[in-house]
Amino acid sequence: MINSSLSPKKCVIVICIFVLCLFPFVTSAQSVGNVNDLKIYLDSKDSVYENICIEYGTQTWNLYSMEDEADLKTPKEKMNAFLQDNEFIENIDYWNKNESSIEDEILKRRVFVYNNIIEGTKIELDSEVREKTTYLLEALRNRNEDDSSANAELENRVKELMKLRNKKARMLGYENYADYLLDYYGIGHQWFKDFTKIIEEKTEPVYNELLAKIKEEKDSVKFRDVMKYLKRGYNPEYSMDSNFLIMRETIAGIGINYDSIPIRFVVKEADFGGNCIGVKIPADFRVIMVPGINFSAFMHELGHGLHGAFTKSESAILKGYEWCFGNDPPAFYEGMAVTMADFLKHPDWLDQYTNLTDEEIRKQVNIDKFSSAVWMRYNLYAILAEIEIYRNEEENHIDVVKKLFKKVFKTDDFMSRQYSLLNTLYIDYPCYLQNYTIADVISYQVHKTLREKFGENYVNNKEVSKFMIENFYKYGVAKDWKKILFDATGSELDVEGYFKSLGLLN
Ligand SMILES: [Zn+2]
């Protein structure tokens with residue numbers, strides 16, 4: 001109405017006044033005006049970011065290794081301040097929206113990843129969420145396992161945190177927090193829905209066949225009868241000295257000198273199996289392993305170390321430090337670790353490093369379809385339990401998990417006491433487990449490619465390391481992980497091929 005009453009000339013004047021009024025606001029919103037300045041600006045941000053990451057890694061190492069007093073609070077506060085600096089957020093937001101004006105691909109990528117960590121940490125950095133997580137981490141670590149009423153109260157508080165995260169995710173336009181996080185993990189929530197559907201559908205016929213077989217033998221099917229089929233590959237146990245010797249020889253087989261890798265293992269009690277901390281990438285990796293852990297875990301953590309040690313990205317934001325959501329895509333990073341651990345499944349490796357007979361090796365390599373179906377359904381249950389709680393926040397969480405259990409395993413004997421939210425994983429590493437299942441697919445695909453390129457005995461081909469470095473390790477996060485996988489193996493994540501390798505598809 002107002003516009004229509006203005007003559008064209010008046011209209012121009014009004015627009016000019018409007019633009020003039022807006023102009024100071026636009027310039028203050030983003031202070032970096034051109035691409036040259038952007039590079040200098042990001043270099044300075046990289047340096048601050050990397051120093052915080054190194055402090056984060058050092059203090060996390062101190063916490064677990066107990067080599068020195070740990071102060072995680074300081075790097076956490078520094079990181080929060082870094083990610084919540086308004087000028088920084090506005091600059092990144094501006095250049096992310098105007099990425100088409102950046103020609104340099106690496107510079108473009110740096111803006112993209114910085115934007116991803118700003119967006120991906122928004123919920124965790126929210127003051128209400130932060131207050132709850134800080135309280136819960138402390139309370140869970142110090143809880144008395146026998147105090148059932150205090151534990152029930154604590155479990156309610158974990159549930160409250162989950163609801164709060166959901167509320168914040170809805171404010172960002174997501175249906176729930178799990179969907180939000182799956183996007184910033186680099187997986188994509190829609191892709192993930194399809195992935196879980198495929199697991200369910202593709203395992204269905206073999207799983208039903210197994211249930212019928214058990215029923216024939218036992219009349220009724222109990223969960224424990226199903227679990228008897230949950231077998232994973234042979235996992236050798238060596239003495240501690242042999243662990244290091246065999247890691248050294250295994251990577252020597254593919255052309256890597258163990259002594260050239262800046263990695264240090266320390267064996268110490270902890271509430272996980274193993275953890276490789278990239279203190280400074282690519283120069284300083286430290287691994288905590290709990291006593292008695294199997295050799296496969298050593299190879300897994302070594303895989304993380306190799307990935308980081310051969311990362312050639314110069315920009316700190318592209319090195320793949322793990323301290324913020326939205327930086328390293330965890331499924332791919334786990335994929336590189338699992339790829340090393342999966343050398344243990346190769347018949348030539350088993351022949352070289354174990355006392356198994358040819359017949360025993362043959363049995364190990366031949367996969368039983370029933371075991372595969374149970375393994376994949378077990379994964380499906382583990383992956384979805386937490387996510388289903390986020391998806392159904394109004395329901396009692398035990399009921400949610402019970403329903404899922406029945407759907408996945410098709411048995412009724414669910415024991416509610418088995419499921420508890422009293423685990424720091426729900427606080428510290430929310431919705432993380434699918435990364436391992438996707439990592440299994442990635443590893444399958446990498447090994448298939450190695451076999452095609454270097455022949456069956458690739459475990460003893462020194463060219464393999466060059467291929468891994470050039471096609472996977474060197475990028476850090478300088479390239480989208482799905483593109484890295486596609487360019488190196490010639491296909492997208494090959495879920496179907498993986499299911500075939502498990503004997504679940506013809
Ligand atoms: Zn890992």
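**Getting to know H20, H22 and the whole protein**

Q: In which hand does H20 pass H22?
A: This is a predicted model, where local features need pLDDT of at least 70, side-chain atom pairs count only at pLDDT 80 or more, and totals for chains, interfaces and linings use all residues. Residues are numbered from 1 along each chain as its sequence is written. A crossing is left-handed if the near helix is turned anticlockwise from the far one by less than a right angle, and right-handed if clockwise. For H20 passing H22, the crossing is left-handed.

Q: Which residues make the contact between H20 and H22?
A: Two residues are in contact if their C-beta atoms, placed from the backbone, lie within 7 Å. H22 brings Leu-485, Ala-488 and Thr-489, while H20 brings Ile-442, Gln-445, Val-446 and Thr-449.

Q: How many helices and strands does the protein have?
A: Helices (H or I, at least four residues) and strands (E, at least two) are DSSP runs, numbered from the N terminus. Counted this way, the protein has three strands and 23 helices.

Q: What percentage of the 506 residues count as buried?
A: A residue is buried if 20 or more other C-beta atoms, placed from the backbone, lie within 10 Å of its own. Of the 506 residues, the share that counts as buried is 37%.

Q: What share of the contacts with a separation of 6 or more comes from residues 24 or more positions apart?
A: Here the contacts counted are those with a separation of 6 or more. Residues 24 or more positions apart account for 71%.

Q: What box do the C-alpha atoms fill?
A: The box is taken along the principal axes. Its dimensions are roughly 90 × 50 × 50 Å.

Key
A residue is buried if 20 or more other C-beta atoms lie within 10 Å of its own, exposed if 12 or fewer, and partly exposed in between; C-beta atoms are placed from the backbone.
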